[in-house]
Amino acid sequence: MRKEEYLRQVKRALRVPARRKREVLRDLEEAFDSAREQGEDEAALAERLGSPAAFAAGVNRESRPGPAARLAPALLGLAALLVLGLAWFSHSAALSARLPENAIGGAVGSTSIQVEGAVDPFPLLLALGAALLAAAVFLFLRLHRGRGKP
């Protein structure tokens with residue numbers, strides 16, 4: 001197989017970032033050039049390197065990120081869910097506990113004035129905070145059981 005065809009097939013089969021792909025193709029070109037300088041023909045080097053698909057599969061396998069790199073986005077998401085959930089939950093709880101139920105504005109005590117038809121957002125905010133915390137716990141358990149497979 002000729003150099004150009006081998007490089008084209010490897011390039012098509014590589015599943016790595018563009019920068020790594022350029023490095024691999026540059027190294028292959030250098031290997032072909034060096035082999036030609038040593039008197040080896042392109043077909044012999046291509047046979048020694050193996051099929052383009054097998055060569056690319058090896059590079060893809062070596063370039064795959066380790067478990068820590070695959071786990072990092074999931075842990076970041078978990079931390080963000082925990083922080084958001086705790087903040088939302090505590091904020092909602094603090095706001096709902098601050099004033100008496102029938103107090104209006106910043107009144108310290110109860111008043112006889114009642115507001116009709118108003119929607120109280122605090123239970124919804126409290127439920128949303130609890131849902132975010134539950135999602136964070138679920139994600140943590142899934143990551144822990146799957147040993148880092150998000």
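Residues are numbered from 1 along each chain as its sequence is written, and side-chain values use heavy atoms, with hydrogens and water left out. Because the model is predicted, local features need pLDDT of at least 70 and side-chain atom pairs count only at pLDDT 80 or more, while totals for chains, interfaces and linings use all residues.

Select helix 1 (residues 3-13) and helix 4 (residues 52-63): their axes lie 8 Å apart at an angle of about 40°. The crossing of the two helices is right-handed.

Next, display the side chains of Tyr6, Gln9, Val10 and Ala13 on helix 1 with Pro52, Phe55, Ala56 and Asn60 on helix 4, which make the contact (heavy atoms within 4.5 Å). Six of these residues are nonpolar, two are polar and none is charged.

Centre the view on Val10. Apart from neighbours within four places in sequence, valine 10 is in contact with Leu25, Leu28, Pro52, Phe55 and Ala56.

Now select the largest nonpolar core, of 14 residues (buried residues, under 20% relative accessible area with a 1.4 Å probe, joined through side-chain atoms within 4.5 Å). Tyr6, Val10, Leu14, Leu28, Phe32 and Val59 have the most contacts inside this core. Helix 1, helix 2 (18-37), helix 3 (42-49) and helix 4 each supply at least two of its residues; helix 2 gives the most, with five.

Finally, select Ala74, Leu78, Ala136 and Leu143, which are among the five residues of a second, separate core.

Definitions and conventions. Axes are lines fitted to C-alpha atoms, for helices over the stretch in contact, and angles run from 0 to 180 degrees between N-to-C directions. Helices (H or I, at least four residues) and strands (E, at least two) are DSSP runs, numbered from the N terminus. A crossing is left-handed if the near helix is turned anticlockwise from the far one by less than a right angle, and right-handed if clockwise. Ala, Val, Leu, Ile, Met, Phe, Trp, Tyr, Cys and Pro count as nonpolar, Asp, Glu, Lys and Arg as charged, and the others, Gly among them, as polar. Buried means under 20% relative accessible area, exposed over 50%, partly exposed in between (1.4 Å probe, protein chains only).
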